[in-house]
Amino acid sequence: MAPRSNREVVGALFDRLIACDVDGFLELFAPDGQQLLPFAPAGFPDGFRGIDELSAAYRQLFRDYREVRFPELTIEAMADPERFLATYTTDIRFDGGRRYGNRYIATFVVRDGRIREWTEYCDPITLQTQLGNPFAQEN
């Protein structure tokens, strides 16, 4: 079912990540939607701008995902009806048994039922230690 409210759009993003539904995840974004990663570790992109970059990044990431969970997730509306604050923890299992877990805080801007901006903050040391760099160019 398509989300109806801006709040439902944010909730649907997590539902589609849990389902490893890349196409459904991408449908939630505006064509110029972006995910910003201001504290990305060295060598990681500082974000994905536009649906093409989001698609390339998440298709690469989802390739090895076996299970995605958010054991702790809260989504709070802000004073502006287009803005939301989410806090969450991740528990991601990859093919081969590797796991990734981190704590996040994120802001969302949702307009006309589509995510315009998702700014995500986490512990970059944990990110790099547990994941390495999935975006590194192989030679």
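How many bridges join strand E6 to E7, and in which direction do the two strands run? In this predicted model, two bridges connect strand E6, which covers residues 91–94, to E7, and the strands run antiparallel. Within E7, the residue that stands opposite Ile92 is Tyr100.

**Strands and their pairing**

Strands E6 and E7 belong to an open sheet of three strands, which has the order E3-E6-E7 and antiparallel pairing. Strand E3 (65–69) and strand E7 (99–100) stand at the edges, and because each has a single partner strand, one side of each is left without a neighbour in the sheet. As a general point, strands of a sheet pair through backbone hydrogen bonds, in either a parallel or an antiparallel manner.

Strand E1 takes part in two further pairings, one parallel to E9 and one antiparallel to E2. Leu36 has a bridge partner in each of these strands, namely Thr119 in E9 and Gly47 in E2. The table sets out the bridges for the strand pairs described here.

| Strand pair | Bridges | Direction |
|---|---|---|
| E6 (residues 91–94) and E7 | two bridges | antiparallel |
| E1 (residues 29–36) and E9 (residues 114–122) | four bridges | parallel |
| E1 and E2 (residues 47–49) | three bridges | antiparallel |

**The nonpolar core**

The largest nonpolar core holds 38 residues, of which Leu13, Phe14, Leu17, Tyr58, Phe108, Ile115 and Trp118 touch the most other members. Helix H1, spanning residues 6–18, gives the most to this core, contributing six residues. For Phe108, once neighbours within four places in sequence are set aside, the residues in contact are Val10, Leu13, Phe14, Glu82, Arg83, Phe84, Ala86, Ile115, Glu117 and Trp118.

**Helix H4**

In helix H4, which runs over residues 124–131, the buried residues are Thr126, Leu127 and Leu131. They cover an arc of only 100 degrees around the axis, and they therefore lie on the same side of H4. Ile125 and Thr129, by contrast, are exposed on the other side of H4. The cover over the buried residues of H4 includes E6, E7, strand E8 (103–111) and E9.

The N-terminal end of H4 is capped by Asp123, a side-chain oxygen of which lies 2.9 Å from the backbone nitrogen of Ile125. After H4 comes Gly132, whose phi is positive, near 70 degrees.

**Thr90 in its loop**

Is Thr90, which has a relative accessible area of 9%, buried or exposed? Thr90 sits in the loop between strand E5 (83–89) and E6, and Thr90 counts as buried because its relative accessible area of 9% is under the cut-off of 20%. If residues up to four places away in sequence are not counted, Thr90 touches Arg69, Phe70, Pro71, Tyr100, Gly101, Asn102 and Tyr104. Arg59, which is 31 residues from Thr90 in sequence, is 18 Å from Thr90 in space, taken C-alpha to C-alpha.

Notes. Residues are numbered from 1 along each chain as its sequence is written. This is a predicted model: local features need pLDDT of at least 70, side-chain atom pairs count only at pLDDT 80 or more; totals for chains, interfaces and linings use all residues. Side-chain values use heavy atoms; hydrogens and water are left out. Two strands pair if DSSP finds at least two bridges between them. A nonpolar core is a set of buried Ala, Val, Leu, Ile, Met, Phe, Trp, Tyr and Cys residues joined through side-chain atoms within 4.5 Å. Buried means under 20% relative accessible area, exposed over 50%, partly exposed in between (1.4 Å probe, protein chains only). Contact means heavy atoms within 4.5 Å. The arc is that of the directions from the helix axis to the C-beta atoms. A polar contact is a pair of N or O atoms within 3.5 Å; within protein, one must be able to donate a hydrogen and the other to accept it, and residues adjacent in sequence count only if both atoms are side-chain atoms.
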